[in-house]
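Subject: Structure handover

Hello,

Here is the structure we talked about. Please open it alongside this email; my notes follow below.

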Amino acid sequence: MDGKTAATSSAALMVDLIISLDGYASAEGWPGWWGLEGPEYLGWLEQEGEKGYTFLLGANTYRLMSGMSEEAAAGGSEFSDEEGASLTGLAAVPKLVFSSRLQAPLTWPNSELVNGDAVEAVRELKRTGTVPLSTLGSLSVCRSLLTAGLVDRFRLVVFPVITGRTGRERIYDGYPDVSLEMVESRTFDGRLQLLEYIPTVLTGPPGSRSV
């Protein structure tokens, strides 16, 4: 079977996404986390933040998240206490930003600009690195890394909403076919579903000669 992801290593890569039931990353007019975050989920996010990930993101996500982080740190924003703490905490974690348009030095603390191809840069990081990697938003970066077979874990937190009219950023558009082996599942606060998989990129439907 072609396209199998790289073997798990100390520099294993996780694509980490939040998603509505109908496959959107966000929705116009809805609050962050679709307004459904609860204490179990927020506690889990805090624990995940202590695992020492280096976060990978593209230019658009960098602009959005750095601006939100600065706004939250300044105080007086419309973010909830939980959202504000999550956003300001991102300033302290290491981040690699893939862009040919941004200019160094980046203003968001602990952000390193990578001008080259994201796939080749991450391939080298996985070959030589010792720190676990995780994506932060950045749907096009996630899609490219998955297509290249570099993703060791594909993790979703599914929020129980359908945003067919207001949904924005369809997550799976442009994806290859992928088989998923579930390795973990969990429910937060009685409503949010965590699903974690080992992905294998397919070159054709299962059972066909092109797989």
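Let me start with S99. Not counting residues up to four places away in sequence, S99 touches A59, L113, V114 and N115; contact here means heavy atoms within 4.5 Å.

Some ground rules. This is a predicted model, in which local features need pLDDT of at least 70 and side-chain atom pairs count only at pLDDT 80 or more, while totals for chains, interfaces and linings use all residues. Residues are numbered from 1 along each chain as its sequence is written, and side-chain values use heavy atoms, with hydrogens and water left out.

S99 sits in the loop between β4 and β5. Helices (H or I, at least four residues) and strands (E, at least two) are DSSP runs, numbered from the N terminus. S99 counts as buried because its relative accessibility is 6%. The cut-offs, with a 1.4 Å probe and protein chains only: buried is under 20% relative accessible area, exposed is over 50%, and partly exposed is in between. The S99 side chain also reaches the backbone nitrogen of R101, at 3.0 Å.

S100 is in the loop between β4 and β5 too. S100 counts as exposed, at 62% relative accessibility.

**Helix α2**

Helix α2 covers residues 59-74, 16 residues in total, and at 1.5 Å a residue it should span 22 Å; the end C-alpha atoms are 22 Å apart, so the two agree. The expected span is 1.5 Å times one less than the number of residues.

Buried in α2 are A59, T61, Y62, M65, S66, S69 and A72. They cover an arc of only 160° around the axis, so they lie on the same side of α2. The arc is that of the directions from the helix axis to the C-beta atoms. N60, L64 and A74 are exposed on the other side of α2. The cover over the buried residues of α2 includes β3 (54-58), α3 (81-89), β4 (95-98) and β5 (111-114). Just after α2, G75 takes a positive phi of about 80°.

**Nonpolar cores**

A nonpolar core is a set of buried Ala, Val, Leu, Ile, Met, Phe, Trp, Tyr and Cys residues joined through side-chain atoms within 4.5 Å. The largest has 28 residues, of which L13, L17, L56, V122 and L145 touch the most other members. At least two residues of this core come from each of β1 (13-20), β4, α4 (118-128), α5 (139-147), β7 (153-159) and β10 (192-201). Helix α5 gives the most, with five residues. Another core lies apart from it, with 18 residues, among them L57, Y62, L87 and L113.

In α5, the buried residues are L139, V141, C142, L145 and L146. Seen down the axis of α5, they fall within an arc of 160°, so they line one face of the helix.

A12 is in the segment before β1. At 18% relative accessibility, A12 counts as buried. Leaving aside neighbours within four places in sequence, A12 is in contact with K126, P132, L133 and D152.

**Aromatic pairs**

The whole structure holds 10 aromatic pairs. Rings of Phe, Tyr and Trp (its six-membered ring) pair if their centres lie within 6.5 Å; planes under 30 degrees apart are stacked, over 60 edge-to-face, and the rest tilted. W44 and F188 make a tilted pair, 5.1 Å centre to centre with 40° between the planes. W44 lies in helix α1 (residues 39-48) and F188 in strand β9 (residues 178-188), so the pair ties together parts that are 144 residues apart in sequence. W44 is buried, with a relative accessible area of 7%. F188 counts as buried at 0% relative accessibility.

F154 and Y175 are edge-to-face, because their ring centres are 6.3 Å apart and their planes are at 75°. F154 is in strand β7 and Y175 in the loop between β8 (167-170) and β9, 21 residues apart. F154 counts as buried at 4% relative accessibility, and Y175 counts as buried at 16%.

One aromatic cluster is formed by W33, W34, Y41, W44, F159 and F188.

Best wishes

Definitions and conventions: Polar contact = N/O pair within 3.5 Å; in protein donor to acceptor, adjacent residues only side chain to side chain.
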